[in-house]
Amino acid sequence: MLPFDRIEYQNRIKKTKEEMNERGIEVLLISDPANMYYLTGYDAWSFYVHQMLILTIDQDQPIWVGRYMDANGVKATTWLHDQNIIAYPDHYVQSDHDHPMDFIAAFLIQSGQGNRRIGVEMDHYYFSAKAYQSLVRGLPNAQIKDGDLIVNHVRMIKSNQEIEYMKYAAKIAEQSMFRGVEMIRTGVRECDAAATMYYNMISGTKEHGGDYPSIVPLMPSGENTGNPHLTWSDRTYEEGEAAIVELAGCYKRYHSPLARTVSIGKPSRQLQELEPIVLEGIDQVLQTAKPGMTCGEVEAVWRRSIAKYGFHKEARIGYSVGLNYPPDWGEHTASLRQGDQTVLQPNMTFHFIPALWFDQHGIEISESIRVTENGIETLANYPRELIVQDPFPITQHAGMMS
């Protein structure tokens, strides 16, 4: 079931240990399920309880520690030896008295790691303040250090196999966008459009089945198109309003996000004015960005382009993207924003999302991009212009829904 060759996992562990050594960390405790998957292949919906991958600087293979009922899932999906899969009993799960970090701290002491420099992923969704307190209490002789984003930074430069998975995901995103946008018409409920997108995201293409994305489809409409992170409701679309769709195809946990803006009938004056400005800025970035530029320099290309028309964007225009689990498909490392000194290198991948949002309207057109040896390529092949949808009634559209 491994999605990558074992040699690739070994190379990832080697690079992670090099980063650990630079930070003075002897033992790295990994709670992010994406980082667990990256190093071992473990893939299950078990991250709602505490689990940990222990990577020790002087041991060949990491150790997974987690809930007893999940141990067989680790055996089924990873390359770890059985003796490196440690399970804690169920009385540690969501208990008022026992915490899984108590078990993990005791295991670290028992295995001779209790007095070492131990790094912890401090700012991940899956490691709570209480988990940190329990770990510190249980390891009085250890030096607890910030081990945040060590694996995430290793993940930034993708292997060719990872790029292939993201291209498969992009094909799924294309299909999901096409089918979903076809549903955005007068009289159709937002939830029915979302259901169509989800169906296509999960069923995938004939060649590659899809996976659940780390973020649900984001679908603000009407006056809410300036609010980018709204989802959907059971309201029906109306003629003359706009709708934004941001979704991602996902294959073997690798994401390729894609966003487009739809006008149901004739576009508003604001959209007609914004579309060429946004498209010009996108083209400028895609033609200019190349290895050796910093993320901040890429953002400056966009900023100068829209400044000619009197616009300024407060938020970043992109971020490193790829492998992840809910609640985010971003990698939490490099951002395409002013001041980011991360240097672009071949096989880095970003969600390039130079949207413009205002109080009661907005426009969103995005691409997942890969840094090549000479420039930038987009992973999806989908028309980039504003989508103008024929607003015929739902009764005429019923045949297309089947």
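## A pocket between two domains

Domain 1 (6–155) and domain 2 (160–400) both contribute residues to the lining of the largest pocket, so this pocket lies between them. The structure shown is a predicted model. The space in the largest pocket amounts to about 360 Å³. Its lining is made of 18 residues, and those closest to the centre of the pocket are Lys 15, His 153, Val 154, Met 156 and Ile 157. Two elements give two or more residues each to this lining: helix H1 (6–22) and helix H6 (150–155).

H1 supplies the largest share of the lining of the largest pocket, namely six residues.

The protein chain is divided into domain 1 (6–155) and domain 2 (160–400). Between the C-alpha centres of domain 1 and domain 2 the distance is 34 Å. On the side of domain 1, 18 residues take part in the contact, and on the side of domain 2, 15 residues do.

How much area do domain 1 and domain 2 bury between them? The figure is about 1,400 Å², and 55% of this area is on carbon and sulfur atoms. Within domain 1, Tyr 37, Tyr 125 and Arg 155 together supply 36% of the area that this domain buries against domain 2, which is more than any other three residues supply.

## What the UniProt record lists

In an unreviewed entry, UniProt lists residues 12–157 as "domain: Creatinase N-terminal". In the model, the chain over residues 12–157 is 36% helix and 18% strand. The end C-alpha atoms of this span are 11 Å apart.

The unreviewed entry in UniProt also lists residues 164–373, under "domain: Peptidase M24". Here the model has 31% helix and 21% strand, and the end C-alpha atoms of residues 164–373 lie 16 Å apart.

## An enclosed space

Rolling a probe the size of a water molecule over the atoms shows where empty space is left. How many cavities of 30 Å³ or more are there? The count comes to one. The space in the largest cavity is about 40 Å³.

Eight names make up the list of residues around the largest cavity: Ile 54, Thr 56, Gln 59, Ile 63, Phe 107, Leu 108, Ser 111 and Gln 113. The elements that give two or more residues to the lining of this cavity are strand E2 (52–56) and helix H4 (100–110). The lining of the largest cavity has four nonpolar residues, four polar residues and no charged ones.

## Two details of the backbone

Which residues does a cis peptide bond join? The bond runs between Pro 326 and Pro 327, with an omega of about 15°. Pro 327 is found in the loop between strand E9 (318–321) and strand E10 (330–335).

The other detail concerns a phi angle. Gln 94 has a positive phi of about 45°, although this residue is not a glycine. Gln 94 sits in the loop between strand E4 (85–88) and H4.

Note on methods: Residues are numbered from 1 along each chain as its sequence is written. This is a predicted model: local features need pLDDT of at least 70, side-chain atom pairs count only at pLDDT 80 or more; totals for chains, interfaces and linings use all residues. Side-chain values use heavy atoms; hydrogens and water are left out. On a 1 Å grid over the protein atoms alone, a cavity is a set of points where a 1.4 Å probe fits but cannot get out, and a pocket is an open set with protein on both sides within 12 Å along at least five of seven lines; lining residues have an atom within 4 Å of a point. Grid points are joined across faces, edges and corners, and a volume is the space filled by probe spheres set on the points. Helices (H or I, at least four residues) and strands (E, at least two) are DSSP runs, numbered from the N terminus. Domain bounds come from an automatic or database domain assignment. UniProt positions are given in the numbering used here, feature names are shortened, and annotations may be inferred rather than shown by experiment. Contact means heavy atoms within 4.5 Å. Buried area is the accessible area (1.4 Å probe) that two parts lose on being put together, summed over both. Ala, Val, Leu, Ile, Met, Phe, Trp, Tyr, Cys and Pro count as nonpolar, Asp, Glu, Lys and Arg as charged, and the others, Gly among them, as polar.
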